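Today I'm looking at how two chains meet.

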Number of protein chains: 2
Amino acid sequence: LRLLTLARDLRRRKARERHRLFVAEGVRAVEELARSPLRIRGVLTAPQLADAPRGAALRADLEARGVELADVAEREFASAAETDSPQGVLAIAEAPERSLDTLDLGERSVLLILDAVQDPGNVGTILRTAAALGATATVTLPGTVDLWNAKVVRSAMGAHFHHPALSSTWDALDAFRVKHDIALWAADAAGAPIGDVAAEPPSRVALVLGNEGNGLSDEARARATAMVALPISREVESLNVAVAAGIFLYVLRR
Amino acid sequence: LRLLTLARDLRRRKARERHRLFVAEGVRAVEELARSPLRIRGVLTAPQLADAPRGAALRADLEARGVELADVAEREFASAAETDSPQGVLAIAEAPERSLDTLDLGERSVLLILDAVQDPGNVGTILRTAAALGATATVTLPGTVDLWNAKVVRSAMGAHFHHPALSSTWDALDAFRVKHDIALWAADAAGAPIGDVAAEPPSRVALVLGNEGNGLSDEARARATAMVALPISREVESLNVAVAAGIFLYVLRR
């Protein structure tokens, strides 16, 4: 019952931050977690896990590793789960302690900065994209949805179990950029076409993506060393932020 | 009440196909519809529309155009709406009659082919991306979610009110490709890097994107003249299909 109570509590961001724990739900997410360097504190299961594809194998694997398992009834499981049709498995894991100072910057680096990106599905898809296209790190700034929100974890499909994603502040990012000589580019419809600008990119660049509806914050505009844009039709207002992230990272890949 | 009954009925794909009508919900979608060439059959409103940003202006604009309006109670509106917190406006509009033969092919064309892409949010985002990046058309094949599904319409943000999106079949697409000399490229992790292949692209190309979980169908594999891939990290299984569409269309843009 302790794991059930904890899992319910971790639906709130404040609780996740206080405990430094998060929940990964579903067979696939728990499999990814088990393959990652993150530590699993415990796993909650419900009877329907036996019917899920790979469910029984996952359970056996977790038992063999000595992970604490708690079996609960389907109704109790549903009270902690955030999906509509839960597969009957969720893991409580330790959120990795990452800060800008723990990042491994190469000679050439691309950092993605999320400035008040609010939709969990977008942020999860961006993490998956950043990991796939080899971004050095993804940094979330205040106003952005919590990296360890259940929907973010689900959409990311395990990406930030290994990809260095962390939350920070403009102040910390300013100091970090000065120390490591990192240019700050910001995505804006009025910017220069990325294809032109990226022909000679700085060796280290941080790219800021703003809020889905309102775009860049004043803080981002004040700091940007260049504004960059994607060439889109006048008939369309904007691209989805995760699609835009994918194109920018593809163009900037090293 | 006629519009209310019709709107409820149009939640089913079969009813949309029989009536050749669809529903666009929310202030923004109805605004986009009113700006598009599509014909609005009628609009259902609920009292909360007066409180929505731009709600009163939209209502006045529709009245001035002589659009048939029906006011219903909040509870009745909710029975037809597909969103959780409806803004109190939905329009019933005529689905455009588009077929491959109505497409305006230029000397250089890029068509996007969706081969059993199932998530409505993904398909809507793909339509928004295809319109933004100037694809000639988006063609859905059997197994792909209905273009006029309410969630697709919402995610597309009005894109296919003007972007030529249509549903077709492999047989019709085969004949069309032969007639207009269109190469068929298919996206697959084992393909050649798109950056290399696209250095000398055919003047007309149709790019096939497969199902989110299972990838390309046998039909697509049998027909493809080239398989193309995006360079992704081995740690990540795949990109989201809408993000992949964005990168491919960016690379292939003319």
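First thing I wanted to know: which residue forms a salt bridge with B:Glu237? I looked it up, keeping in mind that this is a predicted model. The partner is A:Arg28, with the closest N and O atoms 3.5 Å apart. That sits inside the 4 Å cut-off, so I'm happy to call the pair a salt bridge. Between chain B and chain A I count 2 salt bridges.

Next, polar contacts. The rule gives me 9 residue pairs across the interface of chain B and chain A, with both residues at pLDDT 80 or more.

By type, I noted 14 nonpolar, 8 polar and 5 charged residues on chain B's side.

On to extent. I find 27 residues from chain B and 27 residues from chain A in the contact. About 2200 Å² is buried between the two chains, and 64% of that lies on carbon and sulfur atoms.

Last entry, symmetry. I superposed chain B on chain A with a rotation of 180° and 0.0 Å of shift along the axis, at an RMSD of 0.0 Å. The two copies are therefore related as by a two-fold rotation axis. I also see that 100% of chain B's interface residues are interface residues in chain A too, so the copies meet through the same surface.

Key: Residues are numbered from 1 along each chain as its sequence is written. Chains are lettered from A and ligands numbered from 1 in the order in which they are written. This is a predicted model: local features need pLDDT of at least 70, side-chain atom pairs count only at pLDDT 80 or more; totals for chains, interfaces and linings use all residues. Side-chain values use heavy atoms; hydrogens and water are left out. Copies are superposed by least squares on the C-alpha atoms of residues with pLDDT of at least 70 in both. Contact means heavy atoms within 4.5 Å. Buried area is the accessible area (1.4 Å probe) that two parts lose on being put together, summed over both. A salt bridge is a side-chain nitrogen of Lys or Arg within 4 Å of a carboxyl oxygen of Asp or Glu. A polar contact is a pair of N or O atoms within 3.5 Å; within protein, one must be able to donate a hydrogen and the other to accept it, and residues adjacent in sequence count only if both atoms are side-chain atoms. Ala, Val, Leu, Ile, Met, Phe, Trp, Tyr, Cys and Pro count as nonpolar, Asp, Glu, Lys and Arg as charged, and the others, Gly among them, as polar.
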